[in-house]
Amino acid sequence: MTGTRPGGVSAGADRAGGGQRVPGTADADSRWLAEAIELSRRCPPSATAFSVGAILVAADGGVIATGFSRERDPHDHAEEIALAKAALPGSLPAAGGATLYSSLEPCAARASRPRSCAELIIAAGLQRVVIAWLEPPVFVRGGGAVRLRAAGITVTEIPGLAPAARAVNAHLLTG
Ligand SMILES: [Zn+2]
């Protein structure tokens with residue numbers, strides 16, 4: 001039943017010669033997002049929360065920070081870890097030009113901690129978020145993308161990578 005793997009996710013096209021690291025092009029966005037999905041595979045297993053990976057990339061294509069769910073603590077969300085490592089909120093010099101890649105839509109509400117990832121992203125001054133998968137209504141309602149857009153942040157969805165992001169969480173979706 002599983003075992004479907006989207007083609008062409010890993011290597012990508014190298015003909016552009018380096019330009020695909022800089023966020024904003026379709027090639028670069030797909031590549032970084034695929035790396036975020038790879039990170040999600042490192043999450044400690046959970047029966048009650050999704051496995052998510054996130055990468056914060058500067059405007060010049062340099063990685064600022066990465067994070068994955070439950071990386072330091074069972075309540076950790078991938079996006080908040082990446083932002084925390086970058087010394088956010090509020091003090092990231094390149095925040096304005098950085099892009100946050102997340103395998104799942106950032107949460108708009110959460111039970112475990114007072115601030116949702118959407119709120120943290122807004123507070124950090126980020127202006128662009130790229131996601132693979134809109135949060136399904138398994139644990140909480142989604143709405144993070146709507147919340148971010150309402151704050152003026154550009155949210156780009158790459159649906160072609162959603163199956164890969166979902167596959168990491170297949171055990172939560174089939175029960
Ligand atoms: Zn979150």
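**Fold and packing of the predicted model**

Of the 175 residues in the protein, 45% are buried. The structure is a predicted model. Six helices and five strands are present in the protein. Read from the N terminus, these elements follow the order α-β-β-α-β-α-β-α-β-α-α. When contacts between residues at least 6 apart in sequence are considered, 66% of them join residues at least 24 apart.

Strand 4, which covers residues 128-131, and strand 5, which covers residues 154-157, run parallel and are joined by four bridges. Within this pairing, Val-129 is placed opposite Val-155 of strand 5. Between strand 4 and strand 5 the chain passes through helix 4, residues 144-150.

The axes of helix 2 (residues 78-85) and helix 3 (residues 117-124) come within 9 Å of each other and cross at roughly 30°. Because angles under 35 degrees count as roughly parallel, helix 2 is described as roughly parallel to helix 3. The crossing of helix 2 past helix 3 is left-handed. On the side of helix 2, the contact is made by Glu-79, Glu-80 and Leu-83. Helix 3 contributes Cys-117, Leu-120, Ile-121 and Ala-124 to this contact.

Note on methods. Residues are numbered from 1 along each chain as its sequence is written. This is a predicted model: local features need pLDDT of at least 70, side-chain atom pairs count only at pLDDT 80 or more; totals for chains, interfaces and linings use all residues. Helices (H or I, at least four residues) and strands (E, at least two) are DSSP runs, numbered from the N terminus. A residue is buried if 20 or more other C-beta atoms lie within 10 Å of its own, exposed if 12 or fewer, and partly exposed in between; C-beta atoms are placed from the backbone. Two residues are in contact if their C-beta atoms, placed from the backbone, lie within 7 Å. Two strands pair if DSSP finds at least two bridges between them. A crossover is right-handed if, with the strands pointing away from the viewer, the path from the first strand over the helix to the second runs clockwise. Axes are lines fitted to C-alpha atoms, for helices over the stretch in contact, and angles run from 0 to 180 degrees between N-to-C directions. Angles under 35 degrees count as roughly parallel, over 145 as roughly antiparallel, 65 to 115 as roughly perpendicular and the rest as oblique. A crossing is left-handed if the near helix is turned anticlockwise from the far one by less than a right angle, and right-handed if clockwise.
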